[in-house]
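Dear colleague,

Please find the structure below, handed over for your study. My notes on it follow directly after.

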Amino acid sequence: MHIYLLDDDPKVLAANGFLLKAMGFESQGWSEPERFLAEFDDQAEAVLLLDLAMPELDGLEVLTELGRRRCPVAVILLTGHGDVPQAVQAMKLGAVDFLEKPVDARRLAEVLARAQQQARVLGEQAGARLRVTRLSAREHEVVSLVAQGLTNKAIAEQLCVAVRTVEVHRASAMAKLEAANMAELLHCWQLSQG
């Protein structure tokens, strides 16, 4: 899993990279938010150690942009002087945690474990959203109604089509969603809605 660092202070960037290496992690660092947003792989599961206070875009703005893109990047915000309102806002925007600089290695290891888990969940959600985009409009309707608990007969009545037509769309949707059974179909659908 990728670990990204974004901090406008080169000394902090180097220190955190060194700390991560000592903990057994390779990392990639940026000192400019715009450059990071242009260069990082927004399809890959990753953890980002993100500085809160930066001159161009601050950490909360970068976190907001990552959320807008819905990329599988779990964010740990770092600050030298954070306050409670900023921490609350960061958590509402989806940050895993909010750590004060200098970062304590033991505390960072705990938070990294949670962040990696969150990145995996975000990756599963992104994969499910991608598979759902493969559905035709009718398949999307059918899966949505299946997820609401409707039977094939009830779906056919609601869409004014034959039950066999619903079965065909449902089977096609299951193939496109890579679902072997109804539980996997519903799991994929729920992940895509997250």
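In this predicted model, Leu48 stands opposite Val75 in strand E4; helices (H or I, at least four residues) and strands (E, at least two) are DSSP runs, numbered from the N terminus. Residues are numbered from 1 along each chain as its sequence is written, local features need pLDDT of at least 70, side-chain atom pairs count only at pLDDT 80 or more, and totals for chains, interfaces and linings use all residues. Side-chain values use heavy atoms, with hydrogens and water left out.

Leu48 belongs to strand E3, and E3 pairs with E4 (residues 73-79) in the parallel sense over 6 bridges. Two strands pair if DSSP finds at least two bridges between them. From E3 the chain crosses through helix H3 (residues 59-69) to E4, a right-handed β-α-β crossover. Right-handed here means that, with the strands pointing away from the viewer, the path from the first strand over the helix to the second runs clockwise.

Strand E1 (residues 2-6) also pairs with E3 in the parallel sense, over 5 bridges, and Tyr4 stands opposite Leu48. Tyr4 has a bridge partner in E2 as well, namely Gln28; E1 and E2 are parallel and share 3 bridges.

What is the order of the strands in the sheet? The open sheet of 5 strands runs E2-E1-E3-E4-E5, with parallel pairing. Strands E2 (28-30) and E5 (97-100) stand at the edges with a single partner strand each, so one side of each has no neighbour in the sheet.

Is strand E3 enclosed or open to the outside? Of its 6 residues (46-51), 6 are buried, so E3 is largely enclosed by the rest of the structure. Buried means under 20% relative accessible area, exposed over 50%, and partly exposed in between (1.4 Å probe, protein chains only). Ala46, Leu48 and Leu50 point one way from E3, while Val47, Leu49 and Asp51 point the other way. Across the chain of 194 residues, 42% count as buried.

The chain as a whole has 9 helices and 5 strands. Its C-alpha trace spans about 65 × 30 × 25 Å along the principal axes.

Finally, UniProt lists residues 128-194 as "domain: HTH luxR-type" in an unreviewed entry. UniProt positions are given in the numbering used here, feature names are shortened, and annotations may be inferred rather than shown by experiment. Over residues 128-194 the chain is 75% helix and 0% strand.

Yours sincerely
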